[in-house]
Amino acid sequence: MRDDDPWDTIRSLSALFTEFDAGRGLTPEEQWTMQVLKLTEEVGEAAQAVIGARASNPRKGRSHSWEQVQEEVVDAVVTGMVALTRMRPDDAPEFFAAVLARKAAKFLPHPQDDDPVVTSR
């Protein structure tokens, strides 16, 4: 079992990109804007890969595999995690977990919903 935390890698990438962009004179807000635009680019690449995997473009035919689609999705997820960490360097994992829990609660049953109702006599 691996004991490394993916958030450590995300923090390292975020710090590297922040240092690079700060060296270019970009303000934090400009850096965040560029990172969100990069996320949009990655999502577009995932969409392009789906088109290729489905052979939906008659000029290109089947240009991608589903594994390539999955890799593009990972690129988008990583880019999103980096964006969040750049915007919230002190608490990105906790913020992510809190928002995930709140959004998941709209779709997933609460643990107590699975338990049969016990009534007292």
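This is a predicted model: local features need pLDDT of at least 70, side-chain atom pairs count only at pLDDT 80 or more; totals for chains, interfaces and linings use all residues.

Across the protein, the average pLDDT is 92. A score of at least 70 is reached by 89% of the residues.

Now turn to helix 1 (residues 6–23), which holds aspartate 21. Is this aspartate buried or exposed? Aspartate 21 has a relative accessible area of 8%. The cut-off for buried is under 20%, so aspartate 21 counts as buried. Leaving aside residues up to four places away in sequence, aspartate 21 touches Leu26, Gln31 and Arg86.

The space in the largest pocket comes to about 230 Å³. Helix 1, helix 2 (28–53) and helix 3 each give at least two residues to this lining. Helix 2 has the largest share, with 5 residues. By type, the lining of the largest pocket holds 6 nonpolar, 3 polar and 5 charged residues.

The second largest pocket has a volume of about 160 Å³. Gly80, Met81, Leu84, Phe95, Phe96, Val99, Leu100 and Lys103 line it. Helix 3 and helix 4 (92–104) are the elements that supply two or more of these residues. Helix 4 contributes the most, with 5. In the lining of the second largest pocket, 6 residues are nonpolar, 1 is polar and 1 is charged.

How values were computed:
Residues are numbered from 1 along each chain as its sequence is written. Side-chain values use heavy atoms; hydrogens and water are left out. pLDDT is the predictor's confidence in each residue, from 0 to 100. Helices (H or I, at least four residues) and strands (E, at least two) are DSSP runs, numbered from the N terminus. Buried means under 20% relative accessible area, exposed over 50%, partly exposed in between (1.4 Å probe, protein chains only). Contact means heavy atoms within 4.5 Å. On a 1 Å grid over the protein atoms alone, a cavity is a set of points where a 1.4 Å probe fits but cannot get out, and a pocket is an open set with protein on both sides within 12 Å along at least five of seven lines; lining residues have an atom within 4 Å of a point. Grid points are joined across faces, edges and corners, and a volume is the space filled by probe spheres set on the points. Ala, Val, Leu, Ile, Met, Phe, Trp, Tyr, Cys and Pro count as nonpolar, Asp, Glu, Lys and Arg as charged, and the others, Gly among them, as polar.
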